[in-house]
Amino acid sequence: MRMKTLEHQWLEMLCGRGGGGGKDVQDLKRLAAGFEGECELDRWLGEFGRPHWKIFKDIWIDAGGTTQIDTLIVTGEGIHVFDVKNYSGELEYVDGKWWSGGRRLNKDIFIQLKRSMEKMGVMHHRLGGRGRLTGRIVFVGEHGRVHVKDAVDVEVVMRHDIRRMIHKLIDDEQWNDVLDIGETARLVEDFMIECPYKPRELDDVEFGRLRWGVRCCACGGFGVLAKRYHIECGCGHVEPKEKAVLRTICEYGVLRHERDLKINEVERFLGGIVSRRRLTEILRKNFKLLVGGKYAKHENPCAEYQYTFKNKRFRYD
Ligand SMILES: [Zn+2]
């Protein structure tokens, strides 16, 4: 599963609870479109790629500098890097410049991949230079149109060529199967670091202005009614209560990623949907205890429910 970055999750929580300004909304839109595009390439790879390939999704590499990579595939033939773009408008690349609707863009869409490939080159060299190292920029947008009318030293793959590109990777592997994929992937992992960027910290005033309490996971509304084992929303959605509580604790954890889960603060955020005793149990059962007692603190997973509790099932689901 591809994970949304902490910044993406944080902006969703912030904007979904009535916070954030115009720039936050813009950033969220950009990140959501990017994520959607990356998932799109994941689907193509899942359908047409080979199951023994090792695919890394949204990773950070530190090799002579740090860089973020959307998708990295280790095949028997080499290490393949993909920078995924999901644009909906019309773009043109002429004379070394990007244009959109007759206006020149002040960014170079190729530059991120070029910089990444410099660092990947360092990594590849340190790995002994075995196998091929390639970099591609993939335009996945369904409604976007991109015209590259210039010779570029970056391989550009358009949406209608993605399937062919994957078949080419399979073909290349058949002719030149030189890498031990498991071993190469482990070596790549040694270069991986955590994302160095964290969202900003909300101060108590900004946090206090957000809407607290349990949000419906189907419609995003706050009109939920707590029953004994379930919560029910006006939209008709029903969810096990314990799951709703855990999900909301995780949302709190994302919003306040810089702090531990303190029982008093979590209790207030939940807005009384469970008793203090029940909340204590739920925290103890599901989150690592850091400090016990009246002012108990638990470890903040800093990730949404779907990532923190991937395999959890509920009796009343
Ligand atoms: Zn709802």
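**Strands and helices in a predicted model**

Modeller: Strands β2 and β3 are linked as a hairpin by three residues. Strands here are DSSP runs of E, at least two residues long, helices are runs of H or I of at least four, and both are numbered from the N terminus. This is a predicted model, where local features need pLDDT of at least 70, side-chain atom pairs count only at pLDDT 80 or more, and totals for chains, interfaces and linings use all residues. Residues are numbered from 1 along each chain as its sequence is written.

Colleague: How many bridges do β2 and β3 pair over?

Modeller: Four, with β2 and strand β3 (residues 78–85) in the antiparallel sense. Two strands pair if DSSP finds at least two bridges between them. In β3, phenylalanine 82 is opposite threonine 71.

Colleague: And what joins β1 to β2?

Modeller: Eight bridges join strand β1 (residues 54–62) to β2, and the two run antiparallel. Aspartate 62 has threonine 66 of β2 as its bridge partner. These strands also form a hairpin, with three residues between them.

Colleague: Which residue in that turn has a positive phi?

Modeller: Glycine 64, at about 65 degrees.

Colleague: Is β2 mostly covered or mostly open?

Modeller: Strand β2 (residues 66–74) is mostly covered, with seven of its nine residues buried. Buried means 20 or more other C-beta atoms within 10 Å of the residue's own, with C-beta atoms placed from the backbone. Over the protein, 28% of the 317 residues are buried.

Colleague: Switching to helices. At what angle do α2 and α4 cross?

Modeller: Roughly 50 degrees, and the axes of α2 (residues 22–48) and α4 (residues 162–175) come within 10 Å. Axes are lines fitted to C-alpha atoms, for helices over the stretch in contact, and angles run from 0 to 180 degrees between N-to-C directions.

Colleague: What is that angle called?

Modeller: α2 and α4 are therefore oblique to each other. Under 35 degrees counts as roughly parallel, over 145 as roughly antiparallel, 65 to 115 as roughly perpendicular, and the rest as oblique.

Colleague: Which residues make the contact?

Modeller: Trp44, Leu45 and Phe48 on α2, with Ile162, Arg163, Ile166 and His167 on α4. Contact means C-beta atoms, placed from the backbone, within 7 Å.

Colleague: Last topic, the whole protein. How many helices and strands?

Modeller: The protein has 10 helices and 16 strands. Its C-alpha atoms fill a box of roughly 65 × 50 × 35 Å along the principal axes. Of the contacts between residues at least 6 apart in sequence, 64% join residues at least 24 apart.

Key. Contact = placed C-beta atoms within 7 Å. Buried ≥ 20, exposed ≤ 12 C-beta atoms within 10 Å, placed from the backbone.
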